[in-house]
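Me: Can you walk me through how the domains pack here? Keep it brief.

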Amino acid sequence: MSVMGTRVVRIEDHKLITSGGSYVDDLREPELTGAVHAMFVRSPIAHARIGSIDVSAAREAPGVVGVFTADDLDIAFAPGPTGEPWLARDRVRYVGEPVALVLTEHPYQLADVAELVDIDYDPLDAVIDLDDALSGRTLLFDGTDSNVAGGKAKPFDEKLFDDCEVVVTRTITNQRVAPAPLEVRGAACAWGEDGRLTMWLSTQNAQIARDILAGGLGVDPGTVRVIAPDVGGGFGAKIGADPEAVVLGWASRRVGRPVRWFETRSENLTAMTHGRGQRHTVTIGGRRDGTVLAYRLEVVQDAGAYPRAGAGMLPGFTRLMAPGVYRIPRVEVATRSVLTNTTPIAAYRGAGRPEATAAIERAMDLFAAEIGMDPAEVRRINFIRPEEFPYTTPSGASYDTGEYAKALDAVLSAGGYAELRAEQARRREAGDVVVLGLGIAAYVEITAGDGMGESGRVDVNPDGTVTAYTGSSPHGQGLHTSLAMLLSDQFGVPMDKITIRHGDTDEVPKAVGTFASRSLQLGGSVLKQAGDQVIERAKEIAANLLEASPDDVELNVDQGAWQVRGAPSGGTVTWAQVAAAAGEDGLSADVWYGDVQPTFPFGAHLAVVEVDTLTGKAVLRRIIAVDDAGPVVNPVTFQGQRHGGLAQGVAQALLEEMSYDADGNPTTATLADYPFITATELPDFELVDMATPTTRNPLGVKGIGEAATIGSTPAVQNAVVDALAHLGVRHIEMPATPQRVWQAINDAREGR
Amino acid sequence: MIPVGFSYRRASTVDEAVGLLGEYGDEGKLLAGGHSLLPLMKLRLAAPEVLVDIAPLADLRYVRTDGDTVAIGALSRYHDLHHDEVLRQHAPLLAHVAGAIGDPQVRHRGTIGGSLAHADAAADLPAALLASDGVLVAQGPGGRREIPAGEFFLDPFTTALQPDELLVEIRVPGQDGVGWAFEKFTRRSIDWAIVGVAVLGQSVGLINMAGTPIRATRVEEALAGGANPAEAAELAAEGTSPPDEPHASAAYRQHLARVLTGRALERAAGRVPAGL
Ligand SMILES: Cc1cc2nc3c(=O)[nH]c(=O)nc-3n(C[C@H](O)[C@H](O)[C@H](O)COP(=O)(O)OP(=O)(O)OC[C@H]3O[C@@H](n4cnc5c(N)ncnc54)[C@H](O)[C@@H]3O)c2cc1C
């Protein structure tokens with residue numbers, strides 16, 4: 001029987017639970033013997049000119065091996081007027097920006113030495129507010145005439161809403177959040193006698209990191225080896241390598257010793273990139289019968305202090321996915337990203353797509369409220385229908401497959417929507433203090449939207465075991481298990497005879513890695529292709545051994561052996577025999593899967609919240625979800641991604657926000673102030689299964705890594721608003737804190 | 001996350017701890033559960049030169065009755081208190097509050113003495129002790145003295161303890177048969193209170209409504225004058241000066257104080273209204 005689709009326990013967990021993982025800070029490799037320890041001195045001010053830096057006292061302190069500033073670095077940084085320096089030069093642009101590097105013999109000496117680096121800051125006006133940033137009153141970069149880092153305000157089509165009976169518009173904030181992975185950023189590195197740099201890095205993409213390091217250090221990529229050991233989460237914020245890694249590689253070369261670094265939790269909250277951070281102005285128009293005719297989305301993306309992914313990629317995905325699951329005849333999107341004196345913004349679980357979904361799903365509810373129709377009904381009327389796929393949206397996305405109405409109906413029936421509405425009405429009538437809110441979100445998102453391809457190699461070893469090298473870079477998802485299942489199914493080799501390797505650029509030189517929910521669909525598909533090639537070759541070898549024609553032999557996957565078709569009694573040859581007979585080059589295939597196409601997972605979520613109308617506290621009671629990413633290889637890891645995604649999505653709706661005061665000081669820079677979600681704030685997840693395959697890869701799978709995050713945020717936000725709709729509340733910003741909810745109730749009561 | 005260097009001394013008796021405090025003066029700091037002091041040191045917001053560790057003083061971990069009074073050793077941990085049968089029976093408010101602090105790790109380390117001596121207006125036990133009319137017993141070079149809870153909390157993070165005094169015992173009148181309730185308003189279960197209310201009979205202690213834990217005296221007076229809980233609760237914000245922060249303004253906290261006081265009084269009186 002095939003293991004595909006069965007609940008296979010993660011092969012990763014035994015080690016993680018017993019001996020523990022080897023994260024960067026656990027490594028005891030001989031190359032790291034005698035390593036010095038590193039700490040970055042970071043700016044405590046959001047915007048300032050650096051007057052002078054006096055490192056003399058720090059250099060004298062006990063245990064110091066080196067203290068370096070931008071002046072010491074003899075490597076070029078990104079060109080262009082808004083290029084991000086490796087260490088701040090002349091000017092700092094956010095609290096947390098690295099200004100100097102301290103190296104000491106012992107880790108406990110670092111903080112003492114860092115305090116001795118005397119930096120003279122000459123404060124400038126901090127640009128925090130988006131309108132202030134757009135005004136260009138204070139510019140972040142000399143030699144520019146605006147803080148806009150991408151996109152532009154475009155004149156809108158004035159006739160867009162001409163035939164609409166109802167038009168609703170609203171400005172909505174999709175707040176900035178912190179990725180906060182369990183394992184903070186860390187790196188360890190050493191230059192070998194052979195002149196090569198080896199860096200162990202907590203990254204989602206060893207190969208991209210290698211190229212960034214080589215580029216930064218001005219050396220050939222072949223000179224750099226990057227190894228991703230166990231990585232404790234990334235959520236998009238560990239894509240590639242951050243500037244710190246380049247400085248560490250440089251410093252190790254400079255002092256001629258291995259270097260180790262990991263950041264503190266507070267550093268992580270301010271100096272690792274943040275996610276989201278968009279302001280939306282949505283305008284939606286249509287007929288009173290529920291038909292939506294036109295939708296306009298204006299996005300202002302807060303890019304933070306330097307243009308990373310937040311400047312282009314995030315708003316680009318928001319633009320592409322703007323119309324969501326709806327057949328809207330006219331769609332207009334304009335995006336601008338603007339620099340502010342805050343931590344740079346980059347990818348975070350969904351990266352631009354959750355923002356698009358949040359905007360359109362809030363807009364649908366605003367429209368529904370305006371015409372007095374149930375939000376489920378409005379969605380049904382406007383869904384793209386199954387027979388319309390592949391479907392090209394006005395914003396240019398080509399959706400593969402979808403069953404949007406079926407997904408919504410499935411969660412509504414599983415949740416008991418009609419009964420919940422009745423209960424809501426009953427409580428309202430009785431004047432209960434604790435009211436009920438139902439929130440719906442229907443979503444579609446794009447996964448593997450980067451078009452960059454992936455690598456995979458499969459070796460059958462002479463002992464009959466299989467070793468596969470994947471370009472994907474799992475960091476908690478359980479991908480080793482899923483990939484081993486694929487190969488076990490394909491080869492008929494038991495799971496425990498299959499080893500998956502990843503994340504060492506010497507073993508896997510060409511690869512892209514893990515982000516955008518791409519790993520199974522690309523990393524898995526390419527392993528399948530490599531497996532097919534191995535099987536083709538094996539067939540010829542087996543035919544030889546069985547003295548039959550290749551056309552007559554077949555792989556018996558139940559036994560993991562080759563046999564003559566229709567004559568099982570005629571003897572078999574094992575994988576070990578085939579591999580042993582493969583000759584010098586062994587039995588192996590190394591494939592690059594380049595012609596890749598994105599896929600479009602979709603789903604629907606129903607959130608049920610209770611809101612205490614006296615205190616304003618909203619509590620999530622139920623969440624019922626369809627997250628359809630095609631056929632499921634392993635329900636254990638698939639559900640794991642949905643659980644984590646739901647938790648993070650709910651967190652954005654109810655709890656999390658990375659905030660700054662007017663001077664640009666972060667006010668949520670510790671985990672005492674930044675409220676990540678815990679199990680006690682979450683109900684049991686009610687998962688409803690649906691599996692609509694894609695036609696765009698050999699496995700038929702879509703990505704599940706981000707899907708549940710995307711649906712849950714607007715479902716919960718809509719539920720909180722719905723709970724208070726009878727009081728006249730139309731919108732509440734995220735996170736829906738008790739104070740905000742209380743304020744919204746007060747405003748509605750006072751007719752504001 | 002690495003504190004400034006310090007020396008470490010371990011006290012094996014109360015007298016020795018008092019002696020060490022006297023020896024080091026302003027430079028010494030007692031270390032009990034470490035769950036307020038160590039985070040401050042790791043953030044380099046506190047940098048004592050000497051830590052005098054009193055956590056091993058097992059003879060200060062107890063709960064016992066002394067006539068009509070319940071006596072609690074200052075080094076009793078929240079987990080001990082929450083599960084202590086004597087406390088649950090004779091001072092259920094304190095046993096309950098101890099179980100509502102932080103998370104399991106915090107409750108296994110944090111001590112009642114440490115929480116009271118730290119005197120954070122946002123902490124749970126100080127307000128509960130105020131409502132309980134508790135008495136704090138301090139020991140210094142000159143021996144023991146008793147300080148009523150109402151005179152103990154002077155300013156934010158400032159108490160009536162002398163630098164060379166150690167808190168050794170907390171005493172409360174037995175609460176048998178008296179209605180009590182505790183309302184701790186948080187966003188997440190592990191959070192500190194945005195506002196909290198501890199009620200014992202007609203005594204009301206407020207968390208996070210001023211620079212120190214306070215009694216809601218106007219509410220108590222109204223109750224004594226015959227007001228019903230709802231009427232009395234309306235006065236809960238009178239004379240308060242809560243912190244004014246972006247996620248919880250002073251006005252919002254005052255509103256919460258009224259709502260939560262109303263609920264706590266109703267609950268203490270045996271009527272439990274719906275709320276989250
Ligand atoms: C994650 C986290 C969550 C928390 N959540 C809450 C919460 O929800 N509610 C809450 O109330 N608290 C909370 N706390 C704080 C916790 O209750 C602390 O344990 C308590 O405030 C201090 O007690 P301690 O025994 O740990 O004291 P320590 O940290 O050891 O000491 C605190 C201060 O008191 C002094 N001190 C200690 N013992 C004595 C004594 N016997 N005599 C004189 N002085 C003494 C010390 O010198 C120091 O100045 C939390 C703490 C953490 C880390």
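Reply: First a term: buried area is the accessible area (1.4 Å probe) that two parts lose on being put together, summed over both. Domain bounds come from an automatic or database domain assignment. This is a predicted model: local features need pLDDT of at least 70, side-chain atom pairs count only at pLDDT 80 or more, and totals for chains, interfaces and linings use all residues. Residues are numbered from 1 along each chain as written, chains are lettered from A, and side-chain values use heavy atoms without hydrogens or water.

Me: How much do domain 2 and domain 3 of chain B bury between them?

Reply: About 1900 Å², with 68% of it on carbon and sulfur atoms. B:Leu93, B:Ala121 and B:Ala131 supply 28% of what domain 2 of chain B buries there, more than any other three residues.

Me: How many salt bridges across that interface?

Reply: Two, counting a side-chain nitrogen of Lys or Arg within 4 Å of a carboxyl oxygen of Asp or Glu. B:Lys184 forms a salt bridge with B:Asp124, closest N and O atoms 2.8 Å apart.

Me: Now chain A. What are the domains?

Reply: Domain 1 is 275-447 + 598-749, and domain 2 is 454-593. Their centres, over C-alpha atoms, are 40 Å apart.

Me: How many residues of each are in contact?

Reply: 18 from domain 1 of chain A and 15 from domain 2 of chain A, where contact means heavy atoms within 4.5 Å. The buried area is about 1300 Å², 62% from carbon and sulfur atoms. A:Val633, A:Pro698 and A:Leu699 supply 42% of domain 1's share, more than any other three residues.

Me: And how many salt bridges there?

Reply: Zero between domain 1 and domain 2 of chain A.
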